[in-house]
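The sequence and structure are shown first.

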Amino acid sequence: LCLDNNSLTHSFSIHSTHSSQSKMNGENLVYDYRFNVVDEPSEWAFNWDYSECGTSQPTPREHHASMWMTMNGDDPIWSTKQLFQQLGKKFGIKLHVHKDEDEDDGIYKLKVTSKNNGKENKLILFEGVMQVPNEDGSMNDPNVGHFCYFKCENKAGFGMMLSIAANISHGYVAFIPHQKHDINMMDDEKGGKGRYKIVVVSGEAPDIDADESGESDENISGNDVATRFTLLDGEEEVARCHMTYRDGSWDPSMGPTVEMIAVKQSRRGEGLAKLLWYHVLRFIETYFTLECLNNDAPIGTIMVKAQQITMQEVEMRMRKRDKSLVPLGYKHLLYDYFGFSVRAMKGASAFFNRRPKDEEAVLYIPLLSKEELAKKLVLTDELLLNAPKPGDPFLRSMMGKRSCMYCQKVGMDLLRCSACEIAVYCNAKCQKLDWKQRHKKWCNKTREELTKLMIKEGAMEKLPDGTCSLNMSYGM
């Protein structure tokens, strides 16, 4: 999602041969401006207009759903066929696999039809796509291995997809219905219905639908599926979170990716961000039950990612020592209180990427067993009572791994600049070196002050219409 900053126009033409491991210099000022400098507080911190941001607006549709299945092995296409042969005997279905010989992208189109008394009929239950492992493309994921994606658009397909998801080994399948449901908060131990509720909407964009012939869009990828969480106080929207299932980051992967979470400016300092986040995590652990198989991940966990992490103010917290309310940026919220960690870049990305490491983060949450999930469904009221309560602005520290702003080393308990409380370092030496070369240019400066400095140094250009454009080649 776009930053809610109407006064800026960003240009993102990035070509660099500089190593991110080298000592930082002036060329990184444009990235500090984008990701580390605190902007003036705005009502929502992020732009919620999907049409402007190009982000999918989830739209619920009856009997629509998405299903992801991991299928690892030397020949995943063969393994998928074998699996559906077994499923076909149990549920009376057949898998069709098609490869366009004119295309060299390694993409296979999948279609599942039903059979009556052993005879195939023309009813398409659901369709999907898969990519062979030796192809370098969007359907290959280093975090879960190889996977296929399916989408259904009819009642029979929805029921069949649900049955298949229930019969696949736990941790190898995720099922997201494209629907809307409400979570009503409880005010007291008696279970009384409160004035707060969360509206959860999952689905694809409103313009993705079947054409006049009834055939669905051939571009099936899951890239457009998203979930929106809206916290309401009566009729007033007071907090929001947007989550997609396929990110376009330096380490693109399939799975829950938090695009934004923010509290309305006039309602910050009431503990609403942690309340909303509690229910976002419950949603992920219930529906996206795919185990992360990355070597860096703990065994038996789901990977949740966040990207485009900036210092936009999204909440306020109570400072313990004097009970005062202080602004909380998006980056601080994720890293200091939600437990996200920097994920170290590897391979070519580690040498040629100029973007700050902490622009993207990862959080591993436990993959609950089917029995644990079933127990939680029974104890829904108890979970609601144990959820954070509105009106409590105190946030318990839950620190994740950060990266030193100078040497880029990732670790815990890094030193923090006492002036801006944004820059973090391994030790005093890194802090002093970074101050001379880089940090003093933006530490404790407002975005307006830094804009003037950047225009003067050539890192930013003022356009005829009064807006400004970042010079992404500055310092190269």
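Asn294 is located in the loop that connects helix H5 (272-287) with strand S14 (301-306); helices (H or I, at least four residues) and strands (E, at least two) are DSSP runs numbered from the N terminus. The model is predicted: local features need pLDDT of at least 70, side-chain atom pairs count only at pLDDT 80 or more, and totals for chains, interfaces and linings use all residues. Residues are numbered from 1 along each chain as its sequence is written, and side-chain values use heavy atoms, with hydrogens and water left out.

Asn294 is buried, and so is Asp233 of strand S11 (residues 226-233). Buried denotes under 20% relative accessible area, exposed over 50%, and partly exposed in between (1.4 Å probe, protein chains only). The table gives the values for both residues together with a polar contact of each, that is, a pair of N or O atoms within 3.5 Å; within protein, one must be able to donate a hydrogen and the other to accept it, and residues adjacent in sequence count only if both atoms are side-chain atoms.

| Residue | Relative accessible area | Side-chain polar contact |
|---|---|---|
| Asp233 | 14% | side chain of Tyr196, 3.5 Å |

With residues up to four places away in sequence not counted, Asp233 touches Arg195, Tyr196, Val238 and Arg267, where contact means heavy atoms within 4.5 Å.

The largest nonpolar core comprises 60 residues. Such a core is a set of buried Ala, Val, Leu, Ile, Met, Phe, Trp, Tyr and Cys residues joined through side-chain atoms within 4.5 Å. H5 supplies its largest share, ten residues. Among the residues with the most contacts inside this core are Trp68, Phe229 and Leu276. Partners of Phe229, again without residues up to four places away in sequence, include Ile198, Met243, Leu276 and Phe283. A second, separate core of 27 residues includes Met71, Phe84, Phe150 and Ala165.

Ala165 is also one of the buried residues of helix H4, as are Phe158 and Ile164. H4 (residues 155-167) has 13 residues and spans 19 Å from first to last C-alpha, close to the expected 18 Å, which is 1.5 Å times one less than the number of residues. At its start, a side-chain oxygen of Asn154 comes to within 3.4 Å of the backbone nitrogen of Ala156.

Strands S15 (residues 313-318) and S16 (residues 325-329) run antiparallel and are joined by five bridges; strands pair if DSSP finds at least two bridges between them. Arg317 has Val326 of S16 as its bridge partner. Six residues lie between the strands of this hairpin, in which Lys323 adopts a positive phi near 65°.
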